[in-house]
Structures are given as C-alpha cells and as structure tokens.
Amino acid sequence: MASGLGQNGRHYFCGSVAALTNICVTFPLQKILFRQQLHGVMMTEAARQIRRDGLSNLYRGLLPPLLQKSFTVGMMFGLYEDFSRVLLNQFIGSGVPDLVTRSFAAALAGTAEAVLTPFERVQTLLQDHRHQQRFNNTLHTFRTLKAEYGMREWYRGLVPILLRNGPSNVLFFGLRGPIKEHLPEAKSWEGHLVNDFVCGGVLGAFLGIMFYPLNVVKSRTQSQVGGPFQPWRQVLLTVWRERGGSVPKLFRGAHLNYHRSLLSWGIINATYEYLLKLI
C-alpha cells in the first residue's frame, strides 16, 4: 500500500491552504465556542470573558490550530484520495462496493489525523484563561508538558478525537457528492463556488451538532494538566451531572458551533475545490 501513497500532492496542498484560510477567518468564534464547551456558560458570558482578556489575547493560541488544521485538513483530503486509489486498485474485481472501499479509506484518513492531537491539546490550554499565567506560547507549552509530565501528556484527549474523526470523515466524504447533486446546476465558476460552499457548510454544520458532545468531552479532558487520564465516558458523565442532567446545557455552545461549522466547512470545501481547479 505504501508504494501507492503520495503520488498526488495537490490534494494535500489544497486542503492545507483551505484550512489556513478558514482558521484566520473563524478563530475568534472558535475561542468563544471553546469557553462555552469548557465552562457551560452562555455565549454572551463567553464573549465577555474574551473581551476582558483584551484585544492582545484575542488570537492567543492561534498557532496550534493554524498548524494542526493545515496539516489535518491536508491529510484528510490527501490521505482520503490516496487510500481510496490504493484500496480501489486492491479490490478491483472483488465485488466489494466502491462505497464500502471509500468509507474505509475515509475512516483510515480520519484515524491517521489523530497523530496531530498534541496541537489540539496545546490549543486548548492556550485558550483556557485559567492557564494564561502558566503557559506563554505554543513552544513553551509543549516544552513544559514534556518536562513536567512526559510526552504522554501531549496526547490527553486522544480517545474522543479518534471517536470523532473516523466516523465524521466517513459521513463527510460519503455525503458530499449526493448533496451537491441535489443543488441547482452550476453554469459558472461562481455557481460552482457557491455550491461547494453550501455543500461543505451543510455537512460541517450537521456533523458539528452530531459530534458536539465528544468535543465537549475533549475540551474538558484537555483542559486538565497532570493527574490520571480519565475514560471519556467518565468525563461525559461528570459534565452531564455538573449541568444537572440537562441536554440543552450539555449542548451549550452548539448554536454557535452550528454557525461556525457552517462557515468553516463552507470556506474549506469551496476553497479546496476552487484550488483543485486552478492547479
């Protein structure tokens, strides 16, 4: 399989540039959303926290998601194309449906993305105002975690990320084509751009809601420094009890996440498809 990988680097490049564009536009929204996931507060209170932190801290923690997302989304699109090509060639004539093969490729690509968990870990700590005095920047956070707790600490929150990435990739790549087929036929590059934005945005918003509780668990888990690694189910149960067993409180921040995901994945998908046509 390895011999078939990496032959078409344009999918990695286009995915990375699309992710960079998205992060620069939506980072402040992501920061508000993170505070809601972590503390279970209303959007207005999360926005007030950000404002109290000051304008100089608005983009604090930008580098980890910039690096993580550019690599992750690049890997997501690139590995999916590479794994799909290799697996389709492997199972040609075997009777295995293309849908099954491509779904497996999507799951493999999502699982591979989890190797970049340390960037999400550091992003979480830099966005959490409780750690502002302890961690100065991305490099300092990596060094401090390794020196005080070992590299294992970089991967806190790995399990919810694995549970999120594989299935969400399968749904994203599996539904992207059918959704676009049901949109009005595009007759210009602007029309294609709009269709790609709508297709990516709708999928991103849907998946963002579907996997929102896992992201709450990830945020809570990764905000902890040191101590035992708690099972993700235990963390979810703790959050559930703290919020009074209320589903609306568990999904606090989901409304903003819906709109952020709509915008983010619309930008990513449209930029990715547009760059593919240019290259």
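Visitor: Does Arg121 count as buried or exposed?

Guide: This is a predicted model, in which local features need pLDDT of at least 70 and side-chain atom pairs count only at pLDDT 80 or more, while totals for chains, interfaces and linings use all residues. Residues are numbered from 1 along each chain as its sequence is written, and side-chain values use heavy atoms, with hydrogens and water left out. Buried means under 20% relative accessible area, exposed over 50%, and partly exposed in between, with a 1.4 Å probe and protein chains only. At 0% relative accessibility, Arg121 counts as buried.

Visitor: Which residue meets the side chain of Arg121 in a salt bridge?

Guide: A salt bridge is a side-chain nitrogen of Lys or Arg within 4 Å of a carboxyl oxygen of Asp or Glu. Here the N to O distance is 2.5 Å, and the partner of Arg121 is Glu153. The pair links distant parts of the chain, 32 residues apart, with Arg121 in helix H5 (residues 117-127) and its partner in the loop between helix H6 (138-149) and helix H7 (158-181); helices are DSSP runs of H or I, at least four residues, numbered from the N terminus.

Visitor: Which residue forms a salt bridge with Glu148?

Guide: The closest N and O atoms of the Glu148 pair are 2.6 Å apart, and the other residue is Arg134. Because Glu148 lies in helix H6 and Arg134 in the loop between H5 and H6, the pair ties together parts that are 14 residues apart in sequence. Glu148 counts as partly exposed at 47% relative accessibility, and likewise partly exposed, at 34%, is Arg134.

Visitor: Where in helix H1 does a kink lie?

Guide: The bend at a residue is the angle between axes fitted to the seven residues ending there and the seven starting there. In helix H1 (residues 10-39) the kink is about 60° and comes shortly before the proline Pro28, at Thr26.

Terms used:
Helices (H or I, at least four residues) and strands (E, at least two) are DSSP runs, numbered from the N terminus.
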